[in-house]
Amino acid sequence: MVEASGFLDEIKEVNLSYLLLAQQLVREKQPEAMYQLGLGKEIAGILAKLTPAQLEKLAASNMVLCRIRFDDHALLSTFTHKPKGHEMQQMHAAILLAR
């Protein structure tokens, strides 16, 4: 039981850090933040308006709110294989993330 409580505390900490960073990015440069975080315009707008208390409450969820976007084999392979041209690798990754 103590171990589960520790995991929930760690999830809350990750969530709060993510939400604070995401909110800051959305407030400063919304179009870039939407692209980088994979958010739609409506969600980005809601996130920008959340109060600190609302962020804290949302972070207390028992689910991790951020998502690692390595669900596409092509995207993951661009980061794991030796590039022939580093610039091309970065451009390819950006194109795949934009999908």
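Which residues lie nearest the centre of the largest pocket? They are Tyr-18, Leu-37, Leu-39, Leu-65 and Cys-66, out of a lining of 18 residues. The structure is a predicted model, and its chain of 99 residues has a secondary structure of six helices and zero strands.

**Overall fold**

- Read from one end of the sequence to the other, the chain follows the pattern α-α-α-α-α-α, in keeping with a count of six helices and zero strands.
- Of the 99 residues, 22% count as buried, and the accessible surface of the chain comes to about 7,600 Å², of which 63% belongs to carbon and sulfur atoms.
- Among the contacts between residues at least 6 apart in sequence, 52% join residues that are at least 24 apart.

**The largest pocket**

- The space in the largest pocket comes to about 400 Å³, and the elements that give two or more residues to its lining are helix H1 (2-28), helix H2 (30-37) and helix H3 (41-49).
- H1 provides the largest share of that lining, with five residues.
- By residue class, the lining of the largest pocket divides into 14 nonpolar, two polar and two charged residues.

**The largest nonpolar core**

- The largest nonpolar core holds 12 residues in all, namely Leu-19, Ala-22, Val-26, Ala-33, Leu-37, Leu-39, Ala-44, Leu-47, Ala-48, Leu-50, Leu-55 and Ala-59.
- Two or more residues of this core come from each of H1, H2, H3 and H4.
- In soluble globular proteins, nonpolar side chains tend to be buried together.
- Ala-33, one of the core residues, is in contact with Leu-25, Val-26 and Gly-38 once its neighbours within four places in sequence are left aside.

**Leu-19, in helix H1**

- Leu-19 is found in helix H1 and belongs to the largest nonpolar core; Leu-19 counts as buried because its relative accessible area is 5%, which falls under the 20% cut-off.
- Not counting residues up to four places away in sequence, Leu-19 touches Leu-47, Leu-55, Leu-58, Ala-59 and Leu-65, and among these Leu-47, Leu-55 and Ala-59 are members of the largest nonpolar core.
- The C-alpha atoms of Leu-19 and Glu-56 are separated by 8.9 Å, although the two residues stand 37 residues apart along the chain.

**Leu-39, in the loop between H2 and H3**

- Leu-39 lies in the loop between H2 and H3, and is both among the residues nearest the centre of the largest pocket and a member of the largest nonpolar core.
- Leu-39 has a relative accessibility of 18% and therefore counts as buried, given that the cut-off is under 20%.
- Leaving aside neighbours within four places in sequence, Leu-39 is in contact with Val-26, Met-34 and Leu-47; for Leu-39 and Val-26, which are 13 residues apart along the chain, the separation between C-alpha atoms is 9.6 Å.

**Lys-57, in helix H4**

- Lys-57 has its place in helix H4, which spans residues 52-59.
- Lys-57 counts as exposed because its relative accessibility is 69%, a value over the 50% cut-off.
- Lys-57 and Leu-16 are 41 residues apart in sequence, while the distance between them in space, from C-alpha to C-alpha, is 9.2 Å.

Definitions and conventions: Residues numbered from 1 in each chain as written. Predicted model: local features only at pLDDT ≥ 70, side-chain atom pairs only at ≥ 80, totals over all residues. Heavy atoms only, no water. 1 Å grid on protein atoms, 1.4 Å probe; cavity = no way out; pocket = protein on both sides within 12 Å on 5 of 7 lines; lining within 4 Å. Points joined across faces, edges and corners; volume = space filled by probe spheres on them. Helix = DSSP H or I, 4+ residues; strand = E, 2+ residues; numbered from the N terminus. Nonpolar A, V, L, I, M, F, W, Y, C, P; charged D, E, K, R; others polar. Buried < 20%, exposed > 50% of the residue type's maximum accessible area, 1.4 Å probe, protein only. Core = buried A, V, L, I, M, F, W, Y, C linked by side-chain atoms within 4.5 Å. Contact = heavy atoms within 4.5 Å. Areas by Shrake-Rupley, 256 points an atom, 1.4 Å probe, with all protein chains shown as cover.
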